[in-house]
Amino acid sequence: MRHHPIIIISAPSGAGKGTIIRELLSRDERLAVSISATTRECRPGEEDGVDYYYLTIEEFQSQISADGFVEWEEVYPGIMYGTLRSEVERLWKLGKIVIFEIDVNGALALKKFYGQQSLALFIQPPSLEELKKRLIHRGSESDEEMRIRLNRAEYEMSQAQFFDASITNQDLKVAVREVAELIDLFVYGEE
Ligand code: 5GP
């Protein structure tokens, strides 16, 4: 098995990345998701320390000053997201294969940081139209937030070429199987 393997999973908001990751976790207890820090509001149904560590802007900035992040980014205007060093170390101590669920810029920054130790996967929605439908269906964003997320999605999809592999989430079961196979090959493939 590869030492401290890292799996980076990126996708536009609404491409189904969260569902795919939940499926992977329920199948394989060696995997654990790195919980990111963010300054965005906690959505209904989310929990601090489970979905994100919800920080104030001041708390986030003091982590930046203390070099507490492996990477951080202003993903949407005024809204910061970042990967805490302490979180990655916590999961490695537990012997976990760490999964990062992260936007494309964060993903490519992590890939650069961790190099061969990491596998970067991009989840594609079947189309931008389908992505729009899924976001409307989810109903958690205002019109303005949705417009920002769709613009962002177009940019994110243009970056798929820089990932180690790209998986289209047309059918959830198929996508989960493809991702699981790629992870197994990466983690155990050289044995
Ligand atoms: P959401 O607000 O929908 O949960 O996430 C918004 C975006 O922030 C997603 O594209 C998500 O991948 C990204 N994101 C989540 N955690 C991190 C992180 O630790 N670092 C960076 N750079 N982006 C993140």
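Let's start with the ligand. Of the 18 residues around the ligand, the nearest are S36, R40, Y52, E71 and Y81; a residue counts when one of its heavy atoms lies within 4 Å.

A word on the model. It is predicted, so local features need pLDDT of at least 70 and side-chain atom pairs pLDDT 80 or more, while totals for chains, interfaces and linings use all residues. Numbering runs from 1 along each chain as its sequence is written, and side-chain values use heavy atoms, without hydrogens or water.

Now the polar contacts, meaning pairs of N or O atoms within 3.5 Å. The side chain of R40 puts an N or O atom 2.7 Å from a ligand oxygen. For R43, a polar side-chain atom sits 3.2 Å from a ligand oxygen. E73 has a side-chain N or O atom 3.3 Å from a ligand nitrogen. How much of the ligand does the protein bury? Of the 510 Å² exposed by the ligand alone, 95%, by Shrake-Rupley with a 1.4 Å probe.

Next, the helices, which are DSSP runs of H or I, at least four residues, numbered from the N terminus. Helix 5, residues 128-138, packs on helix 6, residues 143-158. The angle is about 145°, the axes 11 Å apart. Axes are fitted to C-alpha atoms over the stretch in contact, and angles run from 0 to 180 degrees between N-to-C directions.

Methods. Helix = DSSP H or I, 4+ residues; strand = E, 2+ residues; numbered from the N terminus. Polar contact = N/O pair within 3.5 Å; in protein donor to acceptor, adjacent residues only side chain to side chain.
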